Amino acid sequence: MSILTSSVFNQVDNSIYSNAMTFLRSPLTLNPTKSNADVVILGLPFDMATSGRSGARMGPDAIRQASINLAWEGQRFPWDFKLAQLCNLVDAGDLVFSAGDSEEFCARVEIACDEILASGKSLLSLGGDHFVTLPLLRSHAKKFGKMALVHFDAHTDTYDNGSRYDHGTMFYHAPNEGLIDKEKSVQIGIRTNYKQQDHGFNVINAMQANDMSVTEIVEQIKSTIGDLPVYLTFDIDCLDPAFAPGTGTPVCGGLTTDKVLKVLHALKGINLVGMDVVEVAPAYDQSETTALAAATIGLDLLHLWATRNIK
């Protein structure tokens, strides 16, 4: 006699190894603007702007795969609510564009983001190299105006390299285009050279961040950004290579995952309007360490979004 009492199809899968095709096992839809989602997950498999090791185009898939380890929990520790109660998710898959055409990629990102935001939804983007943030900022600025940038990274990405497509130039172009307010923006984890007198951004460098308490870091961030709409971008190389080896330009002396997650948790109440996690290059990863860190950060960003109106 069969022990099955219902169909074997259309079942909830709580395993960590099968049917892993979407972020946190959220529904897959190729028409996200018509869905009932609050936040859309969009993969941006682009790494033609890298200056170091390539491979971040494989990042979205790796992050989704690692996120399955997090999907079973229901209520994410230590948040005091279930994300599903405050935030409906859909995964729109990866943006499709002609391989090798950076100009087309930028245009398609902007169009896709425009449509998602116009439908009243928010967006969590999975990179891809960090250049993907620039067309995302262009789209978000159309709706929200000039924003504050909260930027976790080992590099400032404010370099004037003369190239239209370079993952070290986004935050040189973004303020010049009026997308973000440098004086109201914060970069956390920086540990590569920059000239403060020409820089304009508020910086909590990695040495400072490692010595400061979470409370001190968060107070500095919140006092800087105020009530402005916030775009939060997280380059996985903000983490020390011990915690995130799978990235294109690793730099020693970074932050721990523990500290980063505590900072994100303590940022609840900021006016978060857009977010991305970028620069995961799985070919250089070990045991999904980097991808799992990125998936966990993405999950906590969703919780942060859900608490954006809580002071």
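In which hand does α8 pass α9? The model examined here is predicted, with local features requiring pLDDT of at least 70 and side-chain atom pairs counted only at pLDDT 80 or more, while totals for chains, interfaces and linings use all residues. Residues are numbered from 1 along each chain as its sequence is written, and side-chain values use heavy atoms, without hydrogens or water.

To take the opening question first, the crossing of α8 and α9 is right-handed (the near helix is turned clockwise from the far one by less than a right angle). Helices here are DSSP runs of H or I with at least four residues, and strands are runs of E with at least two, numbered from the N terminus. The axes of α8 (residues 214-225) and α9 (residues 257-266) come within 9 Å and cross at roughly 50°; axes are lines fitted to C-alpha atoms, for helices over the stretch in contact, and angles run from 0 to 180 degrees between N-to-C directions. On the α8 side, V214, I217, V218, I221 and K222 make the contact, meeting K259, K262, V263 and A266 of α9 (contact: heavy atoms within 4.5 Å).

Turning to the sheet, eight strands form an open arrangement in the order β2-β1-β3-β8-β7-β4-β5-β6, with parallel pairing (at least two DSSP bridges between two strands). Its edges are β2 (89-94) and β6 (202-205), each pairing on one side only, and the twist averages 15° from one strand to the next. Helix α10 packs on this sheet, touching β1, β2, β3, β7 and β8, and its direction makes about 180° with that of β8.

Helix α10 also meets α1 (residues 59-71): the two pack at an angle of about 70°, with axes 8 Å apart. They are therefore roughly perpendicular to each other, and this crossing too is right-handed. Among the residues in contact are A62 and L70 in α1 and A291 and L299 in α10.

The largest nonpolar core holds 56 residues, of which L124, I221, L232 and L302 touch the most other members; α10 (residues 289-306) gives the most to this core, with 11 residues. Such a core is a set of buried Ala, Val, Leu, Ile, Met, Phe, Trp, Tyr and Cys residues joined through side-chain atoms within 4.5 Å, where buried means under 20% relative accessible area with a 1.4 Å probe, protein chains only. Beyond its neighbours within four places in sequence, L124 contacts residues including F23, V39, M275 and L302.

Terms used:
Buried < 20%, exposed > 50% of the residue type's maximum accessible area, 1.4 Å probe, protein only. Parallel < 35°, antiparallel > 145°, perpendicular 65-115°, else oblique.
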